[in-house]
Amino acid sequence: GLVVLLCTTGLASAVGLPLVPVGRVPLSGPPVRFDYESLDPTTGTLWISHMDANQLLAFNTKTRRIVRTVAAPGVHGVIAVPSLGRVYASATNDRSVLTINAHTGAILARAPAGQYPDGLAYDPAQRHVFVSDESGGIETVISAAGRLVTTIRLGGEAGNVQYDAGSGHIFVDVQTLDEIAVIDPATNKIIRRILVPNCANDHSLLIDAAHRIAFIACDGNARLLTLNLRTMRFTGTFKVGDSPDVLAFDNSLLRLYVSSESGTVAVFAETAHSARPLGIGYLAVEAHTVAVDSATHLVYFALQIGSTGHPQLLIMKPRR
């Protein structure tokens, strides 16, 4: 009966995943593509990019309701910065990055961000936001207030970008070169390039600064790599779902979630220098975006086609 039930709800059996569903909440808009999510743990607000609906959704994880909708054409990347009370989002169709009041949803500033602005990272030391211009091959730097500071040419297409609190540097995937460019945000200069071996198109990146490990997902050959940030040596290679996209990390459980365009999700436990696979399974159509709450361990998947055939936020928790 279980398999029949899961099939009739539009979600294939995710037997291989160490996760169980705890809720499915309707999301607004048509059944079109979502992209990045960002959780503000201070307010419990999950910001969800409903990319092809041109909407940024503010979802209250406590009441499980959408509390605000911000118009953002082609919104891809989003990052909540609780210390500033701000949210930054790449409005890709407008070729701009938006600075948003996290409490009111008001758009406070718009800055040009190249041809195809995508992922974002925040450097709390310089109080600058770094925006990857994917097809333009540029990292755009804006101030906390949302004004253009400078642009940094990468020499290839820009994948995701992360701030490393351990080194104080910005790491950005240069996916067409299979490299990571390391930027010193004090000078906005590239100070190092790291070749990513056995990787086709290093699009995704996540850094656990506390434990000095970087996770890199390669969407061309469906691999996850681990990089020891102390030695700058690669320590592991793992199979993930085809076309991996968004990564999320539970920094109290030390658990990594890798979502993919193919709808397959892979889950890993972080080890001292690498990772250990915990499970992999098909979740839903294009289940390629994920966020996790490190306090509750709840995992949030924004699905363009949920169990009802409409957009849905699938909420899961680790299987004990």
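**Figure 1. The disulfide of the predicted model.** The structure holds one disulfide, defined as a pair of cysteine sulfur atoms within 2.5 Å. Cys199 and Cys218 form this bond, with their sulfur atoms 2.1 Å apart. The angle about the S-S bond is -115 degrees, and the link is left-handed. Cys199 lies in the loop between β17 and β18, Cys218 in strand β19 (residues 213–218), and the two are 19 residues apart. Strands (E, at least two residues) are DSSP runs, numbered from the N terminus. Both cysteines are buried (under 20% relative accessible area; exposed is over 50%, partly exposed in between; 1.4 Å probe, protein chains only).

This is a predicted model: local features need pLDDT of at least 70, side-chain atom pairs count only at pLDDT 80 or more, and totals for chains, interfaces and linings use all residues. Residues are numbered from 1 along each chain as its sequence is written, and side-chain values use heavy atoms, leaving out hydrogens and water.

**Figure 2. The largest nonpolar core, with 32 residues.** Such a core is a set of buried Ala, Val, Leu, Ile, Met, Phe, Trp, Tyr and Cys residues joined through side-chain atoms within 4.5 Å. Leu19, Trp47, Leu56, Val87, Leu283 and Phe301 touch the most other members. A second, separate core of 15 residues includes Val182, Cys199, Leu227 and Leu229.

Figure 3. Asn201 is partly exposed, at 22% relative accessibility. Glu286 is partly exposed, with a relative accessible area of 27%.

Technical notes. Helix = DSSP H or I, 4+ residues; strand = E, 2+ residues; numbered from the N terminus.
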